[in-house]
Amino acid sequence: MASGFGDTWQHTVAFEKTEPVFEGASYPICITGKRNCPPEDCGGVWDYEELLAILANHTHPRTDRLDRRKV
């Protein structure tokens, strides 16, 4: 994932289990995920937390300004 300079992202990858290997497949692969990454140029960790709060509250005053196709 690309991030802007100074955004200070830290990621944790949890290894939960192994799956059978399939010939011809490219590895590694992500088979599932929750909020797999923040949208491009969302403003860093603190702005991403604010974005998640806005998305969780459909009555938030800033909800009408979101382009949900990018989130």
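**Salt bridge, surface patch and pocket in a predicted model**

A search of the whole structure finds one salt bridge, a term for a side-chain nitrogen of Lys or Arg within 4 Å of a carboxyl oxygen of Asp or Glu. The structure is a predicted model, in which local features need pLDDT of at least 70 and side-chain atom pairs count only at pLDDT 80 or more, while totals for chains, interfaces and linings use all residues. Residues are numbered from 1 along each chain as its sequence is written, and side-chain values use heavy atoms, with hydrogens and water left out.

The salt bridge joins the side chains of Lys-17 and Glu-19, at 3.4 Å from N to O. Lys-17 is exposed because its relative accessibility is 59%, whereas Glu-19, at 45%, is partly exposed (buried means under 20% relative accessible area, exposed over 50%, and partly exposed in between, with a 1.4 Å probe and protein chains only).

A nonpolar patch on the surface consists of Val-21, Phe-22, Tyr-27, Ile-29 and Ile-31, which together have about 590 Å² of accessible area. Phe-22 is located in the segment before helix H1 (45-56) and is exposed, with a relative accessibility of 54%. Patches are made of residues with over 30% relative accessible area and no salt bridge, like charges being joined within 9 Å and nonpolar side chains (Val, Leu, Ile, Met, Phe, Trp, Tyr) within 5 Å.

The largest pocket holds about 890 Å³ of space. A pocket is an open set of points on a 1 Å grid where a 1.4 Å probe fits, with protein on both sides within 12 Å along at least five of seven lines; lining residues have an atom within 4 Å of a point. Of the 22 lining residues, Ala-14, Ile-29, Cys-30, Ile-31 and Thr-32 lie nearest the centre of the pocket. The lining comprises 11 nonpolar, six polar and five charged residues.

Helix H1 (helices are DSSP runs of H or I with at least four residues) contains Val-45 and Leu-52. Val-45 is partly exposed at 21% relative accessibility, and its C-alpha atom is 7.0 Å from that of Thr-8, 37 residues away in sequence. Leu-52 is also partly exposed, at 25%; a C-alpha distance of 9.5 Å separates Leu-52 from Pro-38, 14 residues apart along the chain.

Technical notes:
Points joined across faces, edges and corners; volume = space filled by probe spheres on them. Nonpolar A, V, L, I, M, F, W, Y, C, P; charged D, E, K, R; others polar. Areas by Shrake-Rupley, 256 points an atom, 1.4 Å probe, with all protein chains shown as cover. Helix = DSSP H or I, 4+ residues; strand = E, 2+ residues; numbered from the N terminus.
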